[in-house]
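Here are some notes to read beside the model. Please keep the structure open while going through the points.

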Amino acid sequence: MTPSPADSASESRRQTLPCQHRLEVMRQVPRTIHLLQKLDELHPDILRQHTIEPSDYHNSLVFRSAIESIRGTYIASSTVGREGQVQRILTELQQKDEIADFQRLSSSQRCDFEIVVNSARGYNVALEVKGGEGNSINISVRSKFVQEFAVWCHLDGAIVNQPAHGARAILNRLTNEMSARNKQVDMLFFKDVLCGTNARPCPKYPGQEERIGVHTAPDVFLFPKSVPTLANPAPPVYKLDELQFPQILLKHFGVPKTQFEQHVWEVHVELIQRSDGKLQRLLRVLHLGQQVDEGRGRPFALSQ
C-alpha cells in the first residue's frame, strides 16, 4: 500500500536524512493516481479526442499496458542516468587531478567503477551504483585489490516517500549484507535530481536551499571498519579522515573542510546472539553526535 503524505512526513521526522519533500508536492501524487485510474469515467471525452476508446481503457488493459511500458522505459533510463551522472563526476575529478584515473567496468563484472586515487601509492576505490531501494544491493562484490569500497545510491527523484525512507531501506540492506553475508562496505553516498530544488529544499545550504540543485554534495554514510562478528560484535565506525574518497568528493562539491561533518553520517552496527541461538543486527545512525535512527534486522542462523 502506498504511504500517505502524512505517514511519510511522520517517518521523515526520524531524520535519517534532513531533507524532506514539500508536502504540497507530495499531496498531488494520490490525486494524479486517482485521475489517471478514473480517466475513462471522469473525462471520456479527452480519451476519445485521442482515439482511445473509454470502454477499452481498463477492460482491454490499455491503461495497465501503458503504465507498464512507461515504467519499463523509466527504469532502463534511470539506470543509464545514474551511472552516467557518476561517470561525469569522476571525469571532472580526473580532469582536476583530484583522482589519477578511473575505469567504467563491463556489465559482466560485479562493480560499476574502479577509481585510482593515487597510482604511485596503489590506492584504489571500487564504486557500485544503485537505485533508491537497494533491491539489487546483494549482487555487488568487493574486489580484494581495492582499499575502499563505496556504494552510490540515487533516490531517482520519486516523491511518494520521503528521502529518509529510501535511505533507511538502503542502510538496512547494506548492513544486512554486512552482518549476515560478511560483505564489507566502507561508505555509502546519497544524491538525486531533486536535491536542492523547490520540490526538496536542502537544509545544508542556508540561503540556497531551493536553488543549489546539481551542486549539492552527496550525503556520506560511514560504515564500520570491519564486519561484525561474535568475537567483535560492534566494530568501530570509520572516521572521515581515515578514508580518502569521501573527502575528495566533498571537496569537489565545494564543501569547506570545516563543514564536512554536516554532510557525514555514522552507521553503527552491532551483532547480538539471541536466546534461541540466532543472530540479530542492531543498527544506529548518528549525525553530528546525535542518534537520528535505529532499527533491528531480522534474526538469521549462525550458519549463514
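1. Helix α8 lies across β4, β5, β6, β7, β8 (279–287) and β9, and runs at about 135° to β8. Contact here means heavy atoms within 4.5 Å. Axes are lines fitted to C-alpha atoms, for helices over the stretch in contact, with angles from 0 to 180 degrees between N-to-C directions. Helices (H or I, at least four residues) and strands (E, at least two) are DSSP runs, numbered from the N terminus.

2. This is a predicted model, in which local features need pLDDT of at least 70 and side-chain atom pairs count only at pLDDT 80 or more, while totals for chains, interfaces and linings use all residues. Residues are numbered from 1 along each chain as its sequence is written, and side-chain values use heavy atoms, with hydrogens and water left out.

3. Is α8 enclosed by the rest of the structure or exposed? Of its 19 residues, 14 are buried, so α8 is largely enclosed. Buried means under 20% relative accessible area, exposed over 50%, and partly exposed in between (1.4 Å probe, protein chains only). Just after α8, N182 has a positive phi of about 60°.

4. The open sheet has nine strands in the order β1-β2-β3-β4-β5-β6-β7-β8-β9, with mixed pairing. β1 (101–104) and β9 (290–296) are at the edges with a single partner strand each, so one side of each has no neighbour in the sheet. Two strands pair if DSSP finds at least two bridges between them.

5. Strand β5 (residues 187–190) is covered on both faces: M187 and F189 on one side are buried, as are L188 and F190 on the other. β5 pairs with β4 (residues 148–153) in the parallel sense over four bridges, and C153 has F190 as its bridge partner. With β6 (residues 219–222), β5 pairs in the antiparallel sense, also over four bridges. Here L188 stands opposite F221, and M187 stands opposite L222.

6. The structure holds six aromatic pairs. Rings of Phe, Tyr and Trp (its six-membered ring) pair if their centres lie within 6.5 Å; planes under 30 degrees apart count as stacked, over 60 as edge-to-face and the rest as tilted. The ring centres of Y57 and F63 are 5.2 Å apart with planes at 35°, so this pair is tilted. F221 and W265 form a stacked pair, 5.3 Å centre to centre and 20° between the planes. This pair links distant parts of the chain, with F221 in β6 and W265 in β7 (residues 264–273), 44 residues apart. Both F221 and W265 are buried.
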